[in-house]
Amino acid sequence: LGGFVRCRGAWTDGACEALQLLVEEVSRRGTDLAKRCKDAKEAKDGDEEVDKKQRLELKHLRHTLITWVSTVCPDYDGTYSSPCTPLLSILLPLLLEAIEDSDMDVQRQAKACVELVANTPNVTNVLPQILLVIRAVAASTSYQVRSSVLPFLQVLIFRHQCAADEKEIEAVETLVVSLLRDPHVQVRDAA
């Protein structure tokens, strides 16, 4: 991912396409690793060395993703748009899921990165996809992930409320009301 950070000025369609493919692959790999780590933690009958390697790989993948997004997101090219804007709907689930990582440093970095993403300017063209992803992430089984959606959503909607249409605002209101009924007090407090 790092090789694409500084080549924005000379991006071609091929470079953007390659970046999209790379981000999609990182997303698939991260989702797969997170699922396997969670399953191994619940089963407790697997190979401990393999589980440890997978958790370490997931930690490194999340750290790389957070570092890349934190570097690229605020790096505007004079047009007040971020080069990672088209990729936010792919990156967002991984970033929000990283908030429940067992490593406190990764959790802290993920929270800061999610806040940075929420403040990304000019997301008007991808706002509907981001809201769809947020609704999907809000259905997570992890209360930590569900509660992390709300601060992100608050900043995103406040910053882009003029760009959102009425249907999007109603969908956000419906989501917040549903999270107000969440069984976990941390989620309800965040809502």
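User: How many helices and how many strands does the chain have?
Analyst: This is a predicted model, and what follows is computed from it. Read from the N terminus on, the elements of the chain run α-α-α-α-α-α-α-α. The count for the chain is therefore eight helices and zero strands.

User: What percentage of the residues in the chain is buried?
Analyst: A residue is called buried when its relative accessible area is under 20%. The accessible surface of the chain comes to about 10600 Å², and 54% of that surface belongs to carbon and sulfur atoms. Of the 191 residues in the chain, the buried ones make up 41%.

User: Among contacts with a separation of 6 or more, what share comes from residues 24 or more positions apart?
Analyst: Contact here means that heavy atoms lie within 4.5 Å. When the contacts in the chain with a separation of 6 or more are considered, the part that joins residues 24 or more positions apart is 69%.

User: Why do the buried residues of α5 lie on the same side of the helix?
Analyst: The buried residues of α5 are L127, I130, L131, V133, I134 and V137. They are on the same side of α5 because the arc they cover around the axis is only 160 degrees. In general, an α-helix has 3.6 residues a turn, so residues three or four places apart point the same way.

User: Which helices do the buried residues of α5 pack against?
Analyst: The other side of α5 carries L132 and A136, which are exposed, so the packing asked about concerns the residues under the 20% cut-off for buried. Those buried residues of α5 pack against α3, α6 and α7 (166-180).

User: Is A136 buried or exposed?
Analyst: A136 is placed in helix α5, and its C-alpha atom is separated by 8.6 Å from that of P93, which is 43 residues away along the chain. The relative accessibility of A136 is 53%, and because the cut-off for this class is over 50%, A136 counts as exposed.

User: Which residues is R135 in contact with, leaving aside its neighbours within four places in sequence?
Analyst: R135 lies in helix α5 and is partly exposed, with a relative accessible area of 34%. The C-alpha atoms of R135 and R146, eleven residues apart in sequence, are 9.5 Å apart in space. Leaving aside neighbours within four places in sequence, R135 is in contact with A171 and L175.

User: Which residues does L153 touch, not counting residues up to four places away in sequence?
Analyst: L153 is found in helix α6, and with a relative accessible area of 3% it is buried. Its C-alpha atom is separated by 9.6 Å from that of E115, 38 residues away along the chain. Residues up to four places away in sequence are not counted, and L153 then touches L131, I134, V172, L175 and V176.

User: What is the relative accessible area of R181?
Analyst: R181 has its place in the loop between α7 and α8 (185-190). R181 and A191, ten residues apart in sequence, are 9.2 Å apart in space, C-alpha to C-alpha. R181 is exposed, and its relative accessible area is 66%.

User: Which helix gives the most to the lining of the largest pocket?
Analyst: The largest pocket holds about 810 Å³ of space. Helices that each supply at least two residues of its lining are α1 (13-43), α2 (48-72), α3 (88-98), α5 (127-137) and α6 (143-160). With seven residues, the helix that gives the most to this lining is α1.

User: How many charged residues does the lining of the largest pocket have?
Analyst: The largest pocket is lined by 28 residues, and A34, C37, K38, R62 and E100 lie nearest its centre. Sorted by class, the lining has ten nonpolar and six polar residues, while the charged residues number twelve.

Definitions and conventions:
Residues numbered from 1 in each chain as written. Predicted model: local features only at pLDDT ≥ 70, side-chain atom pairs only at ≥ 80, totals over all residues. Heavy atoms only, no water. 1 Å grid on protein atoms, 1.4 Å probe; cavity = no way out; pocket = protein on both sides within 12 Å on 5 of 7 lines; lining within 4 Å. Points joined across faces, edges and corners; volume = space filled by probe spheres on them. Helix = DSSP H or I, 4+ residues; strand = E, 2+ residues; numbered from the N terminus. Nonpolar A, V, L, I, M, F, W, Y, C, P; charged D, E, K, R; others polar. Buried < 20%, exposed > 50% of the residue type's maximum accessible area, 1.4 Å probe, protein only. Arc of directions from axis to C-beta. Areas by Shrake-Rupley, 256 points an atom, 1.4 Å probe, with all protein chains shown as cover.
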